[in-house]
Amino acid sequence: MIILNYHELSEQPPSNKWCLAREAFDIHLALCGDRIISPGKFLAHCDTPAGGRSDDVLITFDDGFLSDYTLAYEQYVATGCIPGFMSFIPLDFVGQPGRMSWRMIEELSRAGITIGSHGLAHIDLTKASDAELERELTVSKSMLEERLGQQVGLFAFPYGRFSRRVWEAALRAGYTQLYTIQLGHHGGFEPFLYSRLCMTSDFAVEQMRVHLADPDAMRGMAWQISSKLGIYRHLMLWRYR
Ligand SMILES: [Zn+2]
């Protein structure tokens, strides 16, 4: 399976590269066709080898922007264009201008949108102190669980930045799936890591087409050689030590 990661959608021309015009998103959806699956289906199959290399595409949004509700949910999920998505929330931003309120997040959760944590203050966790790291992981998790009335086991690393210390702390905090920004199929180099392609407004449609045809196509020489030699995981464990 392939996981795509978006941030904000806009009816206006995008103001920064993390924001995507609605027309650009429509083109992406057209390229995906009927391959887009709900988070429920993804979660049911993400551990099974049979689901591992399928063509299915999962959509995720980070940062809790208002457009998760007003566009992704109201205009795409509620109208049947897409079967759902995952939304990763930085808790300190809830209710801020341009971000979703608790009421919206709770409604998304009730509607089958999978809500995950994106920490509290959206900081680079690799640079956080042990106490800060623990707080970002555990307080955001318990706040979401209290609001949504269900377990929250998914976490997305802010800025896609992580290390072994960060993922070990996240697993200790009770998360079971950790979402990164890396090329390739959904399964990362450790079973609890999930790779996503970050879709920015400067990402060309042709690149999207290539990625959907083969999510390994854009990977570099280091991946190609280390995969062939069977040492990719070891290389990554050393890199993120
Ligand atoms: Zn983020």
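This is a predicted model: local features need pLDDT of at least 70, side-chain atom pairs count only at pLDDT 80 or more; totals for chains, interfaces and linings use all residues.
Ser54 and Leu71 are 17 residues apart along the chain, and their C-alpha atoms are separated by 28 Å.

Asp63 is not a glycine, yet its phi is positive, about 90°. Asp63 belongs to the loop between strand E4 (57-62) and helix H4 (66-77). The residue is buried, because 21 other C-beta atoms lie within 10 Å, and the cut-off for a buried residue is 20 or more.

Tyr159 is also a non-glycine residue with a positive phi, in this case about 60°. Its place is the loop between strand E7 (154-156) and helix H7 (164-172). Is Tyr159 buried, exposed or partly exposed? Tyr159 has 14 C-beta neighbours inside 10 Å and therefore counts as partly exposed.

Strand E1 (residues 2-6) has five of its five residues buried, so the strand is largely enclosed by the rest of the structure. Ile2, Leu4 and Tyr6 point to one side of E1, while Ile3 and Asn5 point the other way; all of them are buried.

E1 pairs with E4 in the parallel sense through five bridges. Within this pairing, Tyr6 has Phe61 of E4 as its bridge partner. E1 also runs parallel to strand E10 (residues 197-198), to which two bridges join it. Here Asn5 is the residue whose bridge partner in E10 is Cys198.

## Strands E5 and E6

Strand E5 (residues 86-89) pairs with E6 in the parallel sense over four bridges. The chain passes from E5 through helix H5 (residues 102-110) to reach E6, and this β-α-β crossover is right-handed.

In this pair, Ser87 stands opposite Ile115 of E6. In strand E6 (residues 114-117), Thr114 and Gly116 point one way, and Ile115 and Ser117 point the other way. All four of these E6 residues, Thr114, Ile115, Gly116 and Ser117, are buried.

## The nonpolar core

The largest nonpolar core has 53 residues, and the members that touch the most others are Leu4, Leu58, Ala72 and Leu178. Helix H4 gives this core its largest share, six residues.

Which residues does Leu178 touch, leaving aside those up to four places away in sequence? They are Phe155, Phe157, Trp167, Ala170, Phe192, Leu193 and Tyr194.

## Helix H7

Val166, Trp167 and Ala170 are buried residues of H7. Why do they lie on the same side of H7? They cover an arc of only 90° around the axis, which puts them on the same side of the helix. The buried residues of H7 pack against helix H6 (130-148), E7 and strand E8 (177-179).

The face of H7 turned away from this buried side carries Glu168 and Arg172, both exposed. After H7 comes Gly174, with a positive phi near 110°.

## The protein as a whole

The protein contains ten helices and ten strands. Its radius of gyration is 17 Å, close to the 18 Å that the globule rule gives for 241 residues, so the protein is as compact as a globular protein of that length. The C-alpha trace spans about 50 × 45 × 35 Å along its principal axes.

Of the 241 residues in the protein, 37% are buried. Among contacts between residues at least 6 apart in sequence, 65% join residues at least 24 apart.

Terms used:
Residues are numbered from 1 along each chain as its sequence is written. A residue is buried if 20 or more other C-beta atoms lie within 10 Å of its own, exposed if 12 or fewer, and partly exposed in between; C-beta atoms are placed from the backbone. A nonpolar core is a set of buried Ala, Val, Leu, Ile, Met, Phe, Trp, Tyr and Cys residues joined through C-beta atoms within 7 Å. Two residues are in contact if their C-beta atoms, placed from the backbone, lie within 7 Å. The arc is that of the directions from the helix axis to the C-beta atoms. The radius of gyration is taken over C-alpha atoms; the globule rule is 2.2 Å times the number of residues to the power 0.38. Two strands pair if DSSP finds at least two bridges between them. A crossover is right-handed if, with the strands pointing away from the viewer, the path from the first strand over the helix to the second runs clockwise.
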